[in-house]
Amino acid sequence: MIAPFSIARLPRIVFGVGVVKQLPDLVAAYGSRLLLVTGTRSFRASPQAAPLLAGLAAQGCTIDTVEITGEPSPEMVDDAVRSFGGRAIDVVVGIGGGSALDAAKAIAGLLRPGTSVMDHLEGVGPEAPYRGPTTPFIAVPTTAGTGSEATKNAVLSRHGPDGFKKSFRDEALVAAVAVVDPDLLAGCPPELIAANGMDALTQLLESFVSSRANPLTDALALSGLAAVRDGLLAWHDGGAAAAAARARMAYGSLLSGVCLAQTGLGAVHGLASPLGAFFPIPHGVVCGTLMAAATRVNIAALEARAPQSPALAKYAAVGRLLSDRDSRDVRDDRARLVDLLEAWTERLALPRLSALGVAAADVPRIVAASRGSSMKTNPVVLTDDEIAGLLAARL
């Protein structure tokens, strides 16, 4: 029997090399007053920028712009809402990495109601229900990692000792259209490919073993994991196969967003929230540096306390998939998965936590702040000592 499940709202997805050329027509379907939200470099430095802006102008679009520097904060979102809330914006287009897309998503949700994002941010403030209405939002990713083009949450950060990294989350915030063109990823430097690629891998693996996984998300996650297997290292290393590898990573990243939106995540993302709030560590770097250690700890906890958990068979399946080998021994397959993740972490030169400013004395407060929504769908409930050990393994 297949257990009952439900799939939340997804955007219309337009995927493929060159599909960004369709963006002016897609925008025009919503109106002529456009708010364009971008990062500070990736899109504007790309060869697609000038023809795209010319195409929007040819459609008669009036364009206002917002540039997002670093990870978006509640203050950035509120400033943009105050600046553009009275201008009758017809459509918001986010072009960039996860930071630009998350900011654009939040701005689109608040332009019309005019409330502060702090009113709705989970875990801080009053957590008032979001009532809308939202402004139509089109997401155009220029990196492969976050999958934000397919999710309902906008992740916002405030850094420092009392900082936080929390989501503004509502199904109404899902993009109307996600335009995923692998050519827009062409300018990504190797360190960004590594961090974002490991973020996509983490999201796919955590979604696959999540306590809320279902047969549909399982199929998508496995498809995405195969794409990352064939794409990440090949794209990172460059060469003749880089264009095809880039397309695989764009596809894998998209599926990671689709899956996490349906299933939730796990321990790595539970820890990414406090680590990203307390320290200026990019999200993908946190995922990349913790993925192998978290997988090792999860497998050990499941083998000790929940040996009948379906997650154990799933970890073995991913070990076979990523290594392209079948040992016919599920314990060996799981061990191979951990070894492979550790090897990728080293090959991609992802730094240890100590190199990012984290010390042993910081571990207790990180553990205490890690029990957010992502940790709730981890396949096993980890003890504080297990989480602390996971962090210690990467100091």
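How many residues of domain 1 are in contact with residues of domain 2? In this predicted model, 25 residues of domain 1 are in contact with 30 residues of domain 2. The protein is divided such that domain 1 spans residues 12–185 and domain 2 spans residues 190–393, and the C-alpha centres of the two domains lie 26 Å apart. Between domain 1 and domain 2 an area of about 2000 Å² is buried, with carbon and sulfur atoms giving 58% of this area. On the side of domain 1, Ala 144, Gly 145 and Lys 165 supply 25% of the area that this domain buries against domain 2, which is more than any other three residues supply.

One salt bridge is counted between domain 1 and domain 2. Arg 246 forms a salt bridge with Asp 183, in which the closest N and O atoms are 3.7 Å apart; with Asp 183 falling within the bounds 12–185 and Arg 246 within 190–393, this pair spans the two domains. Among the elements of domain 1, the strands β1 (12–15), β6 (153–158) and β7 (164–169) each supply at least two residues of the side that touches domain 2, and β7 gives the most, with three residues. Sorted by class, the side of domain 1 that touches domain 2 comprises nine nonpolar, nine polar and seven charged residues.

For the C-terminal part of the chain, an unreviewed UniProt entry places the feature "domain: Fe-containing alcohol dehydrogenase-like C-terminal" at residues 194–393.

Across the whole structure, the search finds 19 salt bridges. One of them joins the side chains of Arg 87 and Asp 64, with an N to O distance of 3.2 Å. Because Arg 87 lies in the loop between α3 (74–84) and β4 (91–96), whereas Asp 64 belongs to strand β3 (residues 62–67), this pair ties together parts that are 23 residues apart in sequence. In general, side chains of opposite charge can pair when their charged atoms come close.

Two features of the backbone are also noted. Most residues other than glycine have a negative phi, and most peptide bonds are trans. A cis peptide bond, with omega of about 0°, joins Gly 132 and Pro 133, and Pro 133 is found in the loop between α4 (98–110) and β5 (137–141). Asp 324, although not a glycine, has a positive phi of about 60°; Asp 324 lies in the loop between α10 (310–323) and α11 (330–347).

How values were computed: Residues are numbered from 1 along each chain as its sequence is written. This is a predicted model: local features need pLDDT of at least 70, side-chain atom pairs count only at pLDDT 80 or more; totals for chains, interfaces and linings use all residues. Side-chain values use heavy atoms; hydrogens and water are left out. Domain bounds come from an automatic or database domain assignment. Contact means heavy atoms within 4.5 Å. Buried area is the accessible area (1.4 Å probe) that two parts lose on being put together, summed over both. A salt bridge is a side-chain nitrogen of Lys or Arg within 4 Å of a carboxyl oxygen of Asp or Glu. Helices (H or I, at least four residues) and strands (E, at least two) are DSSP runs, numbered from the N terminus. Ala, Val, Leu, Ile, Met, Phe, Trp, Tyr, Cys and Pro count as nonpolar, Asp, Glu, Lys and Arg as charged, and the others, Gly among them, as polar. UniProt positions are given in the numbering used here, feature names are shortened, and annotations may be inferred rather than shown by experiment.
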